[in-house]
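Me: I've got a structure open and I'd like to talk it through. Can you help me find my way around?

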Amino acid sequence: MEEAVFSGLAPDGGLYVPVAHPDLRATMAGWDDKTPFLEVATTATRALLGPDFCGCDAADVAGRAFGFTPVLRPLEDGLFVLELFHGPSCAFKDFGASFLAAVMDAYCARRARTATVLVATSGDTGSAVAQAFRGRSSVRVVILYPSGRVSDLQEKQLTTVGGNVCALEVAGSFDDCQRMAKQAFLDGELVRELGLTSANSINVGRFLPQSFYYLWCWAALGGGRHRARSAATLFTVPSGNLGNLASGLYAWRWGMDVAGFLAATNANDVLPEYLSSGTFRPRASVRTLSNAMDVGDPSNMERITELFRAEPGEVEIVLSGQAVSDAQTIEGMRDAYRRFGYVMDPHTAVGYVAERAQRERAGRPRSGPVVLLGTAHPAKFEETVRDALGFAPALPPQLQEAARGRKVAVGVEPTREALKAFLTSDLDRICPYQKALV
Ligand SMILES: *Cc1c(COP(=O)(O)O)cnc(C)c1O
């Protein structure tokens, strides 16, 4: 686990996957709608990582990671939004980033070492990681983001933290950023000298904790007490790099009995295409309104195929896909507001539209609870909400603070050499550790 948290990619350039799948069924039988999120997180951490996974206490790590919880909000009978945007950056990636930061902090303290986290972001990852690691003494963060492809507010969230967090504005796409990060992780010298480590959704320390809210939601819908109800649940997952989806599928593998998962994408539809044609065709990403899902070559695809390697037939039973256009997304935001008075961000709306489309095509009503993963606060996408609904959502306090800050970013070309030059000659000056380790 320690090696997988710090090195991000396996030595062969592939992704680490958990080797053994624990069976959580006995533990989960005791959960119901009264079970607090922190208890689910703590119990799952112990079961997944072992009681002594970092020489520190699971309850302590979970407690320091999660100063916020998911909220399950009913829209109508049988339809819920699992709001995952009440953390420091107002998106679901706060769950993974905060847990990873707490774990790395515990490791670094025990080892008296330092680390440099390198992260490529299409928007929300970077802000979650920046907030989660902000001000920590032995870890610093370098964020690569595609110039002009994130919203103004997202950019502010990435570029106003300062201190041990620095932002590189890359003249390219998210796929360029991701490639540059991967190349840096394969550069042994850089990894050694900087203690380079990843925080992308490819990092196990980040995507394991994303399973905690699926498990908690399963409990909140009935859990061990009303098992049949929980087991009929469909999770609708707005998907891009497929990290969130992979986390849900892991929870299922560990014994979370549900009806299935609907992977909802925007026009970047490699997964729905794969599920219907059997061919995986990665390609350049296209820009959409749900820009955190603009991924043309999702890195967690490998994990998902691995999960089904033993029983390929299971894919069709638990996983379906649906792509949604920008026009449908806007229409979905309007429809949700009209019917429920609920303001959705464009990513959550992709899930809403996808589920409706799938149900209409099947010509059947819902057969169990439908949970739409609410992946971002609508105020993060003010412009789109304004275009769709005619008003701007109120900014939560976390976003007000970012909006007031001043952007500081370093421009770089989308090449391996440009990143290496920055890391080896400018990093220490621009992005110092906050305190020397004693
Ligand atoms: C990252 C993100 C997604 C996509 O999640 P993946 O794990 O990359 O599939 C969806 N919605 C929002 C708001 C995001 O930030």
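Predicted model: local features only at pLDDT ≥ 70, side-chain atom pairs only at ≥ 80, totals over all residues.

Me: OK, sheets. In what order do the strands of the six-stranded one run?

Reply: The order is β1-β2-β10-β7-β8-β9. The sheet is open, and its pairing is mixed.

Me: Which strands stand at the edges there?

Reply: β1 (71–76) and β9 (319–323). Each has a single partner strand, so one side of each has no neighbour in the sheet.

Me: And how much twist is there from one strand to the next?

Reply: It averages 25°.

Me: Back to β1. In what sense does β1 pair with β2?

Reply: Antiparallel, over five bridges. β2 covers residues 79–83. Look at V71, for instance: its bridge partner in β2 is E83.

Me: What about the five-stranded sheet, is its pairing parallel or mixed?

Reply: Parallel. That sheet is open too, in the order β6-β3-β4-β5-β11.

Me: How many bridges join β3 and β4?

Reply: Six, in the parallel sense. β3 is residues 115–120 and β4 is residues 139–146. V117 stands opposite V141 in β4.

Me: Which strands does helix α5 lie across?

Reply: β3, β4 and β6. Helix α5 spans residues 93–111 and runs at about 150° to β6.

Me: New topic, the ligand. Which residues come nearest?

Reply: K93, D124, G240, L242 and N244, out of 15 residues around the ligand. A backbone N or O atom of G240 is 2.8 Å from a ligand oxygen atom. For L242, a backbone N or O atom also lies 2.8 Å from an oxygen atom of the ligand.

Me: What does the T375 side chain sit 2.9 Å from?

Reply: A nitrogen atom of the ligand. The T375 end of that pair is a side-chain N or O atom.

Me: How much of the ligand's accessible area does the protein cover?

Reply: 98% of the 380 Å² that the ligand has on its own.

Me: Last one, D335. Buried or exposed?

Reply: Buried, because its relative accessibility is 9% and the cut-off for buried is under 20%. D335 is in helix α17, residues 326–340.

Methods
Residues numbered from 1 in each chain as written. Heavy atoms only, no water. Helix = DSSP H or I, 4+ residues; strand = E, 2+ residues; numbered from the N terminus. Buried < 20%, exposed > 50% of the residue type's maximum accessible area, 1.4 Å probe, protein only. Pairing = 2+ DSSP bridges. Axes fitted to C-alpha atoms, helices over the stretch in contact; angles between N-to-C directions. Near = heavy atom within 4 Å. Polar contact = N/O pair within 3.5 Å; in protein donor to acceptor, adjacent residues only side chain to side chain. Areas by Shrake-Rupley, 256 points an atom, 1.4 Å probe, with all protein chains shown as cover. Contact = heavy atoms within 4.5 Å.
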